[in-house]
Amino acid sequence: MPLYSLACANRLRLARAFTLTPLALCLAQAAAAQTAAGETAVQLQEVRINASTEKDMGFAPVEAQTASKAPMRRLETPQSISVVTREQMESRQITNVQQALQTVAGVSPVNFGRRGFDDINIRGFRSTESILVDGLVQSPGMWAKLQPYGYERFEVLKGSASVLYGQVQPGGIVNAVSKRPKKEALNEVGVEVGSFGQRTLQADINRPLSESGKSALRINAQVSNADDPTQFVYRKDRWFAPSLSLDLGPQTDLVLFATYSQSQWMRQQGISPYGTVLPNRNGTLSRTLFTGDPSFGGYDVESKTVGYTLEHKMSEAMTFRQNVRYETEKGTGNFISNLALQANQRLQNRQATRQYIDYDLLATDTSLLSRFEALGVKHQLVTGLDVRSGHTYQGQRRCTIGALDLFNPVYGMAATCPTNLTSDAPEKLTVAGLYAQDQIKFGQGWTALVGMRRDWSTNEINDRLVKKQTRQKDSATTLSAGLVYEFKPGWSAYGSYGESFLPVSGQTFGGSAFAPETGKQWEAGIKYEAPGGQLTGSLAVFDLVRENVTTADPVNTGFNVQTGQQRARGLEAELGADLKNGWKLTSAYTYTQTKVTRDNNAAIVGLPLNLTPRHTLTAWATYKLPQYPRVTLGLGGRYVSEQIGSYPFTLPSYFVADVSVSYVGENYRITAGVKNVFDRAYYDGAINANVVSPSLPRNFSVGLTYFF
């Protein structure tokens with residue numbers, strides 16, 4: 001075996017051993033730990049990984065953990081990080097991640113026709129595959145949508161974040177923080193109904209199992225059915241998530257968790273730009289037109305996860321932590337996509353695709369959190385190893401189907417599918433990363449954050465169609481550094497630099513493997529935090545460059561080369577307020593200037609990136625009536641400027657307003673809301689040049705939650 005391969009094998013064996021051993025040791029010591037806890041007179045301070053209620057409430061959170069894998073004041077974080085709390089989500093009656101992030105600066109929750117996935121752009125770049133759950137990445141290509149009801153908050157870390165999280169996209173990451181067992185009893189059930197056949201039943205039950213509350217069981221569940229303004233489109237979700245915390249002594253916290261999700265839906269891909277945002281000689285298209293065919297079928301996907309989160313306080317200065325999650329996803333997906341519109345602008349060419357997926361992923365993150373002081377300088381050091389290994393399979397059959405008359409659609413067309421698969425290439429990905437990041441406090445109000453990471457990845461592809469097996473190995477070192485100065489109480493200025501790294505599968509015409517994509521970002525800004533945390537604000541400017549972008553090979557048709565470069569520059573401002581006079585507010589403004597700076601297609605060089613509005617402005621406020629303190633009113637809106645890119649059309653600007661009202665009784669809460677109050681017709685996405693995505697028209701929902 002070559003020395004390099006032997007070294008990699010040794011690293012991975014060591015990683016697996018380091019990953020799996022601590023849980024077994026802690027479980028073996030559980031009885032001894034409980035006995036010791038009972039005999040000792042001095043109780044050590046408990047380490048709690050369960051989210052506190054305070055972190056998940058309000059509109060002006062002052063702390064986040066994604067930027068350093070440890071609780072950290074946003075004021076002392078040299079990078080933009082936003083938090084969407086549980087209270088914000090409930091006040092806006094959000095039902096998906098895209099809605100939850102509409103109030104976050106720099107995030108463009110693009111709509112690809114309600115196709116069933118969480119589509120997110122951050123700072124101009126696609127970030128759909130950079131949605132993490134509890135700090136661990138999901139399997140690439142995951143189809144399942146997150147159910148916001150199961151999460152305490154969403155933290156959005158913007159810009160390059162590979163030092164702590166490895167292979168992620170350059171625009172930023174979204175970290176979903178799950179609901180976990182708490183010391184206090186919590187019981188709620190809720191029902192919600194709304195427009196387009198929305199029917200949701202959900203429950204959140206938390207039961208302490210010991211007097212101290214360290215042992216507790218929490219169960220979250222949700223059942224949801226919904227139709228759509230577009231004919232034939234629907235979605236059904238079944239979601240169940242139990243978690244159990246165990247009392248292993250005052251120094252140790254352990255939470256076991258699992259989730260089960262089963263979803264069925266018909267994909268709404270969108271409609272032709274001709275007859276919507278562009279003229280069509282035959283007239284205007286209906287915004288509720290379905291361009292697929294219900295007889296071809298939809299999606300049916302089942303996903304499962306199981307894992308644990310462990311923290312063990314080794315001393316006052318050092319804590320051992322480990323997150324482990326194993327996930328699987330299986331299912332089928334059938335959809336019909338739009339090809340080019342025929343010259344008569346009436347007949348829509350289409351292609352039908354049947355997909356078969358089977359994913360599994362074991363993700364682990366093992367780290368030490370150390371706090372110490374040396375020579376008058378305070379350190380909070382995180383060192384760790386994360387390892388991922390999993391299989392990815394997505395077989396396909398490309399089928400043919402007849403064109404659809406957009407002005408007189410006839411459904412029930414038969415699709416002709418080949419007997420053999422047109423894509424059949426299972427992959428196995430193994431990733432290991434060593435990282436270290438140190439938060440250093442020195443002088444009067446100075447904080448530095450420096451980090452470094454070394455990644456190794458191996459992707460093995462077995463292309464069964466051409467009977468060819470390939471193995472692609474990549475490695476990279478990424479760096480980050482930032483400096484914050486709190487120049488007066490509650491005010492800080494900062495500057496930072498960060499890098500990202502993302503392997504790209506595939507080969508050039510000559511057989512060379514693609515180099516990883518890289519990202520580099522410079523950022524500077526000012527942050528504010530009022531005494532008591534009633535008001536927070538931030539202002540940031542950034543310059544982000546994405547290198548090694550895959551573009552079409554100008555010589556060899558059907559192949560790609562890596563000559564692309566893209567840039568995003570911009571300004572972001574955010575404000576959060578929890579005022580004593582009954583007002584709460586979250587608002588954001590984003591200015592983003594993107595550009596294709598290098599590409600084989602000279603026609604798009606200098607053009608903005610697709611789906612990146614130059615200006616976005618959003619706000620949401622609630623007001624508790626002083627005369628009727630049980631009543632809270634909500635009002636907000638968002639403005640998105642036109643979106644210009646390389647597509648042959650422009651998505652016009654739009655403004656949308658939302659309202660809500662809630663009443664809190666002795667043991668219940670009623671919330672009613674209307675989204676898109678003025679029934680504005682607009683288009684908020686385009687998956688390619690042949691389709692645009694109509695937004696939802698005015699819709700309402702009414703929910704009742706009972707607490708017991």
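# Strands, a disulfide and ring pairs

Modeller: Strand S28 (residues 615-624) and strand S29 (residues 631-640) are paired antiparallel, with nine bridges between them. The model is a predicted one, in which local features need pLDDT of at least 70 and side-chain atom pairs need pLDDT 80 or more, while totals for chains, interfaces and linings use all residues. Residues are numbered from 1 along each chain as its sequence is written, and side-chain values use heavy atoms, with hydrogens and water left out.

Biologist: What makes S28 and S29 a pair of strands?

Modeller: A strand is a DSSP run of E with at least two residues, numbered from the N terminus. Two strands pair if DSSP finds at least two bridges between them. S28 and S29 have nine bridges, so they count as a pair. One of the facing positions is Tyr-623, opposite Leu-633 in S29. A hairpin of six residues connects S28 to S29.

Biologist: Which strand, with residues 583-598, also pairs with S28?

Modeller: That is S27, which runs antiparallel to S28 with nine bridges. Thr-586 stands opposite Trp-620 in S28.

Biologist: How do you know that S4 and S5 are paired?

Modeller: Two bridges join S4 to S5 (residues 121-122), and at least two is what the rule asks, so the strands pair. Ser-108 has Asn-121 in S5 as its bridge partner. The open sheet is antiparallel and has the order S4-S5-S6. S4 (107-108) and S6 (125-126) each have a single partner strand, so one side of each has no neighbour in the sheet.

Biologist: Which strands stand at the edges of the four-stranded open sheet?

Modeller: The order there is S3-S8-S9-S7, with mixed pairing. S3 (81-85) and S7 (131-133) pair on one side only, which puts them at the edges. S7 and S9 (residues 172-178) are parallel over three bridges, and Val-133 has Ala-176 in S9 as its bridge partner.

Biologist: Why is the link of Cys-399 and Cys-417 called a disulfide?

Modeller: The sulfur atoms of Cys-399 and Cys-417 are 2.1 Å apart. A disulfide is a pair of cysteine sulfur atoms within 2.5 Å, so this pair qualifies. A search of the whole structure finds one disulfide. The angle about its S-S bond is 105°, and the link is right-handed. Cys-399 lies in strand S18 (residues 377-400), and Cys-417 in the loop between S19 (404-405) and S20 (427-442), 18 residues apart.

Biologist: Is Cys-399 buried or exposed?

Modeller: Buried means under 20% relative accessible area, exposed over 50% and partly exposed in between, with a 1.4 Å probe and protein chains only. Cys-399 has 3%, so it is buried. Cys-417, at 28%, is partly exposed.

Biologist: What makes the phi of Lys-467 worth noting?

Modeller: Most residues other than glycine have a negative phi. Lys-467 is not a glycine, yet its phi is positive, about 55°. Lys-467 sits in the loop between S21 (446-463) and S22 (468-488). Its relative accessible area is 78%, so Lys-467 counts as exposed. Asn-548 also has a positive phi, near 60°, but this residue is found in strand S25 (residues 535-552). At 24%, Asn-548 is partly exposed.

Biologist: How many aromatic pairs does the structure hold?

Modeller: The structure holds 16. One of them is Phe-117 with Tyr-299, at 6.2 Å centre to centre and 85° between the planes.

Definitions and conventions:
Phe/Tyr/Trp six-rings, centres within 6.5 Å; stacked < 30°, edge-to-face > 60°.
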